[in-house]
Amino acid sequence: MSTTTADGHVHLSQEERDALRAKYRRERDKRMRSDGNDQYIEPTGRYAHFVEDPYTPKVERKPVTDEVTVAFIGGGFAGLCTGARMKQAGIEDFHIIEGGGDFGGVWYWNRYPGAMCDTAAMVYLPLVEEVGTRPTMKYVLAPEIWRHALRIAEVFELRKNALFSTNITQLEWDDADSRWIVHTDRGDRIRARFVAMGLGPLHKPKLPGIPGIESFAGHAFHTSRWDYGWTGGTPDGAPMTKLADKRVGIIGTGATAVQCIPPLGRDAKELFVFQRTPSSIDVRNNHPLDEAWFESLKPGWQKEWLMNFATLQTGGFAEEDLVKDGWTDIAIRVRDRVVRDLGASGSILDMATIQKAFEDSDDEKMTEIRARVDAIVKDPKTAALLKPWYRQLCKRPCFHDEYLQAFNRPGVHLVDTDGKGVERIDEKGAWVNGVHYDLDCLVFASGFEFATDFTRRAGFETVGRGGEKLSDHWQDGMRTLHGIHVHGFPNLFVVGLVQGGGLISNITHNLVEAGTTITAIVKHARETGQEQVEVTPDAESAWTQQIADAPQSFLGNPECTPGYYNNEGREMTRRDKLNVGSYPLGPVAYFQYIDDWRKSGKFAGLTFRRAHAPAAKAS
Ligand code: NDP
């Protein structure tokens with residue numbers, strides 16, 4: 001029998017654990033499908049406008065044909081942080097080229113009601129100290145995050161560097177001239193010494209390939225292009241009054257849906273939540289940040305908080321848990337249990353002990369999460385269907401204090417599909433288990449492409465030395481040094497998580513580090529009069545090989561219920577591993593490694609070259 005101990009945690013018997021394993025396996029098997037990632041489709045035809053910008057009209061402008069030191073592709077936090085670092089280093093002549101009508105990246109696009117960040121603002125908002133913002137809450141809402149992005153742009157005067165509503169059509173390396181030629185859909189032809197790409201891991205909306213999806217005749221939109229014109233309301237939380245007489249359906253119950261279902265449930269006449277797999281919903285416990293406390297923090301606090309969060313979230317030790325949230329809670333539980341089990345058995349630290357401790361803590365955590373559903377959701381049938389039956393990190397953990405409560409509203413209906421998904425869509429609505437649901441509006445909370453080919457997600461080709469295409473170079477998976485440099489593509493930097501730190505619980509930490517690294521390299525090249533910088537084939541191979549050789553992280557676990565964390569349940573090939581893997585020793589080790597690498601000034605693994613001069617190998 002399970003017991004609750006003095007620490008407030010549930011402890012399970014071995015029998016209960018075995019029963020859980022069996023239940024998890026049954027639930028997983030129900031959801032396995034042969035088409036994996038191919039079940040999703042690109043928004044085309046009736047839905048082609050889902051990738052367009054509904055927020056900012058495109059203003060005609062003359063094509064730009066200038067020359068700059070850096071062209072940065074993407075105006076989200078990657079572009080903003082790199083832009084800030086470049087300005088701090090005295091580099092002024094660069095463009096930030098962005099498809100949207102303003103800075104902000106995901107926070108420009110995602111304006112759905114209730115949107116917020118699940119990572120504490122003290123660590124998620126980048127460059128807080130540098131730009132002097134004060135987060136109002138522990139977790140801040142999307143409009144505040146967007147305002148922070150715009151503040152970075154304002155403080156570092158990045159707006160004058162920006163080309164908005166502009167999509168890249170091709171990047172082309174001119175080796176004789178040591179310049180990138182940047183082509184855009186505005187007819188621009190920009191010459192850039194360096195190009196950096198910060199496109200985001202999850203930015204291209206995807207749709208479920210449900211039979212009949214094209215036939216729906218009601219109103220429809222993807223959560224990343226919320227249509228307030230149709231729903232009424234605002235991203236700041238004004239009620240969506242136009243939904244008062246509408247029957248709305250939402251497909252998906254991932255992190256996005258969890259945030260927008262409470263306001264939708266409040267405002268729609270009726271809301272039908274089509275669920276394939278329930279999310280795990282831990283407590284949010286949001287609260288205002290005390291102004292006096294915030295002002296008392298010592299300069300340099302954000303760096304300390306960032307490393308504290310990254311350390312604890314990945315199983316390390318720190319004197320204090322500064323952030324103290326659901327992300328650090330699970331990691332600390334696992335870590336403490338490993339320590340306890342080792343102490344009790346006197347055994348040495350090995351993988352089996354760690355895995356057992358992980359599984360035990362996870363079982364307990366998920367049992368608590370399921371008990372929370374029972375405590376909140378009044379209808380026992382609905383509560384049963386909202387319980388997640390998998391290990392916590394099989395899917396993106398969610399944190400919310402109003403999501404489960406929304407199902408107590410009379411107008412909110414959970415339509416569970418028993419792992420199968422919506423059966424069919426027709427002109428008037430959706431079918432599940434042979435029942436038709438009439439809908440005025442269908443909201444697709446169906447997520448974003450992940451780990452599909454880089455070039456496909458980017459929407460343009462990058463052509464390097466000798467006409468080599470990046471899509472060909474990466475045909476068998478990404479190959480980089482540090483997740484940033486690619487051989488055959490001089491003066492090109494890739495900014496992201498893959499093959500780098502891979503800290504998924506705090507994406508912006510990865511981006512700030514990358515911005516600092518890129519700026520250090522550009523500055524060094526300028527100061528020493530080098531025209532080209534490129535990773536050596538050996539350094540690229542060695543780095544790539546260690547990503548391929550790394551033990552499969554829990555996130556790729558094929559035992560998990562399918563989702564984008566585990567390649568939809570399909571065994572990871574070497575190529576898949578290279579496209580999602582990160583530094584095998586973890587984010588903290590990566591951040592420390594890259595800091596040392598930068599500070600050494602040697603830039604090991606890179607070759608700097610004056611124009612047409614033989615390569616000068618970095619030591
Ligand atoms: P997800 O990919 O996480 O969710 C897609 C949802 O659609 C899943 O619930 C999926 O079910 C469901 N679905 C897919 N096909 C069907 C079908 N045929 N019938 C019914 N349901 C279907 O997308 P999200 O937009 O929710 O989140 C994407 C990521 O964005 C998150 O993981 C997170 O990284 C990020 N995010 C971050 C936030 C933050 O706080 N910082 C907030 C919101 C999002 P199933 O689970 O069965 O596959």
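**Figure 1. Crossing of helices α1 and α12 in a predicted model.** The axes of α1 (residues 14–31) and α12 (residues 351–376) come within 11 Å and cross at roughly 75°. Axes are lines fitted to C-alpha atoms, for helices over the stretch in contact; angles run from 0 to 180 degrees between N-to-C directions. Helix α1 is therefore roughly perpendicular to α12 (65 to 115 degrees; under 35 is roughly parallel, over 145 roughly antiparallel, the rest oblique). From α1, Arg17, Leu20, Arg21 and Tyr24 make the contact (heavy atoms within 4.5 Å). From α12 come Glu359, Asp360, Asp363, Glu364, Met366, Thr367 and Arg370. These contact residues divide into three nonpolar, one polar and seven charged (nonpolar: Ala, Val, Leu, Ile, Met, Phe, Trp, Tyr, Cys and Pro; charged: Asp, Glu, Lys and Arg; polar: the others, Gly among them).

**Figure 2. Strand β16 and its partner β13.** Strands β13 (residues 270–275) and β16 (residues 412–416) run parallel, joined by five bridges (pairing needs at least two DSSP bridges). Phe272 has His413 of β16 as its bridge partner. Four of the five β16 residues are buried, so the strand is largely enclosed by the rest of the structure (buried: under 20% relative accessible area; exposed: over 50%; partly exposed: in between; 1.4 Å probe, protein chains only).

Figure 3. Trp543 counts as buried, at 5% relative accessibility. Its C-alpha atom is 7.0 Å from that of His482, 61 residues away along the chain. Beyond neighbours within four places in sequence, Trp543 contacts Thr480, Leu481, His482, Gly483, Gln499, Tyr583, Tyr590 and Tyr593.

Residues are numbered from 1 along each chain as its sequence is written, and side-chain values use heavy atoms, without hydrogens and water. In this predicted model, local features need pLDDT of at least 70 and side-chain atom pairs count only at pLDDT 80 or more, while totals for chains, interfaces and linings use all residues.

Note on methods: Helices (H or I, at least four residues) and strands (E, at least two) are DSSP runs, numbered from the N terminus.
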